[in-house]
Number of protein chains: 2
Amino acid sequence: MDLFTALKERRSCRNYTGKEIEPDKLEKILEAGGWAPSVMNLQPWRFYVIKSHSLKARLKHSCESLAQEIFVASGWKWVSKYKFDFLVEAPVLIAVAASPKDTGADQFIPGRGTGYACSCCAAVQNMLLAAHALGVDTLWFTLYDTPRAKEILGIPGELDLVSIVVAGYCAEPPKNVPRKPLAELTVTL
Amino acid sequence: MDLFTALKERRSCRNYTGKEIEPDKLEKILEAGGWAPSVMNLQPWRFYVIKSHSLKARLKHSCESLAQEIFVASGWKWVSKYKFDFLVEAPVLIAVAASPKDTGADQFIPGRGTGYACSCCAAVQNMLLAAHALGVDTLWFTLYDTPRAKEILGIPGELDLVSIVVAGYCAEPPKNVPRKPLAELTVTL
């Protein structure tokens with residue numbers, strides 16, 4: 001698939017058929033993550049590929065609890081009604097984790113030290129694009145409680161869980177989302 | 001260009017010829033940034049397109065000062081010798097900034113609130129890939145002092161400067177960088 005087609009057509013999917021992802025496609029998606037740029041070429045990302053139904057169900061349960069806590073803190077009604085079914089319906093979740101120590105020189109800049117997370121986000125975006133080109137739908141998911149999710153997934157304490165990629169085949173085609181015009185986003189200096 | 005070719009061939013360039021980027025290519029690169037996924041579809045990114053030589057020179061100077069401070073803090077010799085010439089040699093720098101308020105529900109999760117930065121990193125990765133497909137070389141740059149860089153570029157106080165994309169035409173082709181094998185990066189659960 002042409003790069004620009006992938007960039008423009010990729011959408012977030014929040015409902016999945018449960019159809020498995022073919023192993024060769026899953027491997028290509030993970031490889032795409034590994035081709036991301038990273039701070040000092042540390043390639044800090046680790047990919048936890050979650051297929052276990054019981055782990056997905058425990059993660060869903062912990063996210064539902066979190067949503068209620070966020071509702072109490074925020075008063076946002078949509079959070080209290082948010083459905084996390086996609087966490088068990090999707091055949092694969094890819095948790096992307098890295099050590100905050102693998103962050104390069106920005107660890108010495110006050111208020112920073114986020115290079116490892118930037119690198120992981122680049123890997124996530126590569127995976128979303130690769131998945132789309134292979135006909136696999138995805139969601140970039142971050143609405144989890146980090147310590148609880150790490151405990152469920154057995155992610156070592158020294159790693160940060162930066163994001164989770166939900167992947168599978170969408171039951172209903174995701175909607176198009178209009179983009180803000182460039183003129184509104186851009187300042188030229 | 002095929003997506004997977006772009007993913008695998010994109011490299012970081014640290015020396016630029018100074019040749020200008022064609023306006024239609026620059027527009028396509030910025031548009032690619034705007035097609036990134038974002039938390040709650042907030043599209044929080046703002047792109048500061050820096051062509052002014054004096055601003056680039058001031059930014060370079062502030063980064064050189066920062067590198068000396070990092071050298072003192074870290075003892076890392078390479079930092080003290082690091083050359084920031086690419087900041088003035090490259091025809092365009094794109095500073096990607098966003099408000100930490102545009103971060104969605106993760107602002108209520110302790111230790112998080114980083115959704116706006118994840119969204120900006122996805123936009124950066126889209127821009128790096130689009131640039132490569134158009135024959136434009138880039139560097140994902142983060143070795144700046146945030147308050148000083150924001151002041152030089154006139155970025156409002158309420159925005160965080162997440163990353164800077166250095167863009168232009170490479171004087172020497174960037175080197176290939178080997179990737180860690182998937183087996184080393186992946187855990188299946």
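What percentage of contacts in chain A between residues at least 6 apart in sequence join residues at least 24 apart? Please then describe the side of chain B that touches chain A.

Analyst: This is a predicted model, in which local features need pLDDT of at least 70, side-chain atom pairs count only at pLDDT 80 or more, and totals for chains, interfaces and linings use all residues. Residues are numbered from 1 along each chain as its sequence is written, while chains are lettered from A and ligands numbered from 1 in the order in which they are written.

Of the contacts in chain A between residues at least 6 apart in sequence, 81% join residues at least 24 apart; two residues are in contact if their C-beta atoms, placed from the backbone, lie within 7 Å.

The contact between the chains takes 68 residues from chain A and 68 residues from chain B. On the side of chain B that touches chain A, the elements that each supply at least two residues include α2 (23-34), β1 (46-50) and α6 (115-133) of chain B. Here helices (H or I, at least four residues) and strands (E, at least two) are DSSP runs, numbered from the N terminus. The most comes from α6(B), with 11 residues.

Strand β1(B) also pairs with β5 (residues 186-188) of chain A, in the parallel sense and over three bridges; strands pair if DSSP finds at least two bridges between them. Within β1(B), F47(B) is the bridge partner of T186(A).

Chain A itself has eight helices and five strands. Its C-alpha trace spans about 45 × 40 × 40 Å along the principal axes.
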